2 protein chains.
Amino acid sequence: MIKKVTIYDIAKVLNVTAATVSRALNNNKNISEATKKLVLETAEKMNYEPNKLALALKSGKSNNIGVIVPRINTNFFGSIIRGIEDELNPSGYHIIICQSHNDETKEINNIESLINSQVDAIFISTSSKHSEQFEKILKKNIPLIFFDRKKTMDGVSSVTIDDFAGGYMATKHLIDQGCRKIAHLASGDFKIEIFHDRHEGYKQALIDHGIDYREDYVIHTTSKIAEGKIAVAQLFELDEKPDAIFSSSDFLALGAIQELKARNIKIPEEVAVIGFANEPFTNFEELSISTIDQFPVEMGQMTARVFLEQMATSQNIKIDKKVVMEPKLIIRKSSKK
Amino acid sequence: MIKKVTIYDIAKVLNVTAATVSRALNNNKNISEATKKLVLETAEKMNYEPNKLALALKSGKSNNIGVIVPRINTNFFGSIIRGIEDELNPSGYHIIICQSHNDETKEINNIESLINSQVDAIFISTSSKHSEQFEKILKKNIPLIFFDRKKTMDGVSSVTIDDFAGGYMATKHLIDQGCRKIAHLASGDFKIEIFHDRHEGYKQALIDHGIDYREDYVIHTTSKIAEGKIAVAQLFELDEKPDAIFSSSDFLALGAIQELKARNIKIPEEVAVIGFANEPFTNFEELSISTIDQFPVEMGQMTARVFLEQMATSQNIKIDKKVVMEPKLIIRKSSKK
DNA sequence: CTGTTAGCGCCTTCAG
DNA sequence: CTGAAGGCGCTAACAG
């Protein structure tokens, strides 16, 4: 094992003390230009690298941020993490990634593990139904920020889009196209706020336009192409077939479209479809699926910025900043009559 | 600031010494069941959390792995990181993510920064043309493992697919379909081994089947849909139009297909197309693009496993294990006549 | 079985 | 301007 060179090693070589070396390395004023230059040069020569761990232990600041997402290999979460990394990297922070796999137990383990690692903050898109684990983070005085899938908690910042508005504008768009029998495919549990809110937006848009809300038009399922097909099959068992579908997931919307095509149902004439997330594939010419943009990269950047501001202003006081970004309706062929 | 509770705090409460507490917490045999139980209970009561930083400083092992990729929000790299995380998490490691943005300077900064953070290993898919920065990692005795975009270096393990074979089998497939005028869209610099190798595989397949290699059939571009369109436009300026396209990127392939369709050229009858990577969208019914699967999740898992084995066997000796995974030809409508 | 001591690498008073 | 000393939280000898 090659010993790593420390400030003591370079102190010994120069017949000075480690404190002097430390001062030279840190641009401390209490040092002569001559020795400073000397130290810097030999440090370079000896291939010295500072040990952040020692610094972290001493300062209580690791410069690491823990980020927990359901899964990293999706465009949406990948983009958020990209935004976070882009924004935080210049400030010297590193991102530690954890996946919850949509499992509350794993999420709790991740949190525990990140706390032990002394991360300076935890950013999370939660899959949890409970929130004791978050109280624990706060008790340790570790800044906690929710993004996308949040829990509403005092003293905790969050960055989300207005999912209610997203659900509302998607549904209203379908109504504007002349649709009256609008089904909703929910890609997740209503205990998770985003799915709850999108559904509420859907409902409100119906009500505001004098359309009855029908429970049998709401399908609870998961964000998979295959599930979209099944959902359509289920909807078309009904006596009154829907003339539009608002899906809270683009993948689900794609599956729905495939099933509709397989049944020779014309899109958007007979059934208009709109998804949610603006996944890159929805913009492919061959697909052209209407959707709601959530601006994931920007959401990640914003999350990071909320944290940086929080650090800059008041280290100790919990800030409770709820950033709500406006989603954007993107109309494409699948719904534009 | 709420002080974090340390073993000293709980030692004080119990009127024992920190060492005793440490032993209790670490299942050391030299301790009575009684005191052990007592310590564990009060630790729980006091909301104690171990400080990994202190442990890391002491042991010289941070339990963090640095992973550098060009960009995280792509299916391919996202999937690899997912594989790495899935495999390493159970062993108590955390993944620190860095993006190089395909920029050698940023990559060097990332490496420097990860070294300072005392990561236990660096996994990288490199965008660099030089390799001094990698020598530096090795000099620090930090295990280095390349995945996908590797450099061939002694004492360094790598996990890749056989890109030559991938290029070869894609091209041979097109030949088998009766194509003779096969163009190649290269999505990256040939100084990056994967693109070099795919091109070599392409070339060799042509040679082996008595087809002349033509430089004007090789387009150097980048992995973007729009570039695929431009490339097709360029190819169709030639006197002898190609009757097939092998693209080293699925996105490029998609762009090419879109441009061919726009020109009313029949796929695959007039021009057969095959991409590379098996991006999820290539499997959509509407697209159905032939491609080469690189098994990114498995590649990530394998990378992690190579590291874990290396740790298990010999901490100090550099292992030089080159894992080459077999790519898989996936035939879909874009090339099957 | 438990306490004492030293040290991981660095920074920060406090003296000189 | 520089040196000496202590401590961040924890573990690992070495004593007792």
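**Exercise 1.** Determine what percentage of the residues of chain A count as buried in this predicted model.

*Solution.* The criterion is a relative accessible area under 20%. Of the 337 residues of chain A, 56% count as buried. The accessible surface of the chain is about 14600 Å², and carbon and sulfur atoms account for 51% of that surface.

**Exercise 2.** State how many helices and strands chain A has, and decide whether the chain is compact or spread out.

*Solution.* Step one: chain A has 12 helices and 12 strands. Step two: its radius of gyration is 26 Å, whereas the globule rule gives 20 Å for 337 residues. The value is well over the rule, so chain A is more spread out than a compact globule. Step three: along the principal axes, its C-alpha atoms fill a box of roughly 90 × 40 × 35 Å.

**Exercise 3.** Identify the residues with the most contacts inside the largest nonpolar core, and describe the surroundings of Ile245(B).

*Solution.* The largest nonpolar core comprises 133 residues. Those with the most contacts inside it are Val67, Phe123 and Ile245, in chain A and in chain B. Neighbours within four places in sequence being set aside, Ile245(B) is in contact with residues including Leu174(B), Leu185(B), Val232(B), Leu260(B) and Val273(B). A second, separate core has 34 residues, among them Phe146(A), Met153(A), Cys98(B) and Ile142(B).

**Exercise 4.** Find how far apart the mean positions of the positive and negative charges of chain A lie.

*Solution.* Chain A has 43 positive and 45 negative charges. Their mean positions are 6 Å apart.

Definitions and conventions: Residues numbered from 1 in each chain as written. Chains lettered and ligands numbered in written order. Predicted model: local features only at pLDDT ≥ 70, side-chain atom pairs only at ≥ 80, totals over all residues. Heavy atoms only, no water. Helix = DSSP H or I, 4+ residues; strand = E, 2+ residues; numbered from the N terminus. Rg over C-alpha atoms; globule rule 2.2 N^0.38 Å. Buried < 20%, exposed > 50% of the residue type's maximum accessible area, 1.4 Å probe, protein only. Areas by Shrake-Rupley, 256 points an atom, 1.4 Å probe, with all protein chains shown as cover. Lys, Arg positive; Asp, Glu negative; His and termini not counted. Charge placed at Lys NZ, Arg CZ, Asp CG, Glu CD. Core = buried A, V, L, I, M, F, W, Y, C linked by side-chain atoms within 4.5 Å. Contact = heavy atoms within 4.5 Å.
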